[in-house]
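I opened my notebook for a walk through this structure, with a few places to look up. Have the viewer ready and follow along with me.

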Amino acid sequence: MNDPNGMVYYNGVYHLFYQYYPGGTTWGPMHWGHATTRDLFHWEEKAIALYPDSLGAIFSGSAVIDKDNTAGFGKNAMVAIFTHHNQKMEDAKTGRHQYQSLAYSNDEGATWQKYKGNPVLPNPGITDFRDPKVMWYEAGKKWVMTLATKDRITFYSSPNLKDWKRESEFGANLGAHGGVWECPDLFPLKSNGKTFWVLLVSINPGGPNKGSATQYFIGNFDGKNFVPKSKAVKWIDYGTDNYAGVTWSNTGSRKIFLGWMNNWQYANQVPTKAWRGATTIPRELTLIDKNGDLFLQSLPVKEFNPLLKLVYSKKFLSASNELDLSVNFKPLKGKVKLNVSLENKGDLNIILSNSKGQKLVIGYDEKKNNYFIDRRQSGETGFEKGFAAKHVAPRIANTTQLKLSLILDEASVELFADDGLTVMTDIFFPETPLETLKIQKKPKNKSIGVSLWSIDKDEH
Ligand code: FRU
């Protein structure tokens, strides 16, 4: 898989569609795969939802529930708005090979019909013209489409999902522009009772640690124009492996985000066999005011909590600067959650390793005020020249206590520091599982808290 697509919640079920090529484990003519879940953790694989057709392959897009039957496909139809990508010579030559189309389902996503009037938004002459994210804009009683157009965002609106009117363009002289803009999302979130609009924009390449990454802007949207509050570039995740993430539609004021845990720098080369690509765990997004500036905070959804089984928990002042928690860690296979807190900030290294000397180090560097993930010696790294690297992220919080929460799996780590203010997601490929866990702190007389939870393999 690559991007998550068409994420929509309906009748107690979270639908996830995704970029999928069933003919191999590298990128190919794209389909929309389909999976569903009720609790955001136990997934059921469904039949492929959308196949390529004479207008092209099925690139990324979104899905909505058309409660009032504005499009005429039926009350409560599930409508997918996606990019058709046509590789036919004549289209490719003009550079107008991407346009937006519709498909709909009247049986909760089980079967799909493509709209006969496709495409609904033809290409105006922009080579990169894709990834429509559509939402209902209640204040203006209209649909709003947020579209990636080269390295800009263009907003469109429609009364019926079929006829689209261009409203405005955003992004000149704002944000990061090291690559093309892709997979945007626009949604409201409240902070201290006041509504703000969040615009997510994935960019490839040009991320803070190279390759693909997702930046965000916070501002106001009036149904036509998006105006950001600040010009600073902010990243939803500083790791290298959280791309093309967007939020579920139809979840009310709750915003749940899911990204593709990979990077176009090496997505087609990672050393996996039967599969390639996975998602992050679902994360709930909230807004937080830090010294007058607004930031997104992401944390694993609360549905995760009942699945956790506490294995170890201790809060203490240790005279030594290295703690060996391998005894507690060793029996664990599959996903675990690890929380580490330092009462007063100092240097911290969380070291996971195996008997082959391969290791992954996650931590905090007090002098640089950076969190980091170092995968230089994490196992197989030679499949791409930039993979073996140490990734860094600025600490945004200014509290004296350091708080790190990690979701670890056999080939991925998701770091939520300071309650999700600084986030890093990285993948890695050890030849045997990393089964030794050590924590180093400097200076040594720091009071530390450590908790470790497991999730049974059968649980996910
Ligand atoms: C982002 C992306 C999208 C596109 C899709 C194609 O990862 O490049 O812009 O729609 O992947 O698979």
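Which strands each supply at least two residues of the lining of the second largest pocket? I found four names to write down: E5, E9, strand E13 (180–191) and strand E14 (194–204). A reminder to myself before going on: this is a predicted model.

**Entry: the second largest pocket**

I looked up the volume, and about 700 Å³ of space lies in this second largest pocket. Its lining has 31 residues, and Met-135, Trp-136, Asn-250, Gly-252 and Lys-255 are the closest to its centre. I then asked which strand gives the most to that lining, and E13 came up with six residues. Sorted by class, the lining of the second largest pocket holds 15 nonpolar, eight polar and eight charged residues.

**Entry: Val-180**

While I was at strand E13, I picked out Val-180, which has its place there. Is Val-180 buried or exposed? I noted it as buried, because its relative accessibility is 18% and the cut-off for buried is under 20%.

**Entry: the ligand**

Next I went to the ligand and listed the residues around it, among them Asn-2, Gln-19, Trp-27, Met-30, Phe-59, Arg-130, Glu-182 and Tyr-243. By class, I get five nonpolar, three polar and four charged residues in this shell.

For Asp-3, a side-chain N or O atom is 2.7 Å from a ligand oxygen. Trp-264 has a polar side-chain atom at 2.8 Å from an oxygen atom of the ligand.

How much of the ligand's accessible area does the protein cover? I wrote down 96% of the 320 Å² that the ligand has on its own. Two elements give two or more residues to the shell around the ligand, namely strand E5 (57–66) and strand E9 (129–137). I had E5 and E9 in my pocket entry too, as each supplies at least two residues of that lining.

**Entry: Val-311**

My last stop was strand E22 (residues 309–317), where I found Val-311. I filed Val-311 as partly exposed because its relative accessibility is 36%. From Val-311 to Leu-338, 27 residues apart along the chain, the C-alpha separation is 10.0 Å.

Note on methods:
Residues numbered from 1 in each chain as written. Predicted model: local features only at pLDDT ≥ 70, side-chain atom pairs only at ≥ 80, totals over all residues. Heavy atoms only, no water. Near = heavy atom within 4 Å. Polar contact = N/O pair within 3.5 Å; in protein donor to acceptor, adjacent residues only side chain to side chain. Areas by Shrake-Rupley, 256 points an atom, 1.4 Å probe, with all protein chains shown as cover. Nonpolar A, V, L, I, M, F, W, Y, C, P; charged D, E, K, R; others polar. Buried < 20%, exposed > 50% of the residue type's maximum accessible area, 1.4 Å probe, protein only. 1 Å grid on protein atoms, 1.4 Å probe; cavity = no way out; pocket = protein on both sides within 12 Å on 5 of 7 lines; lining within 4 Å. Points joined across faces, edges and corners; volume = space filled by probe spheres on them.
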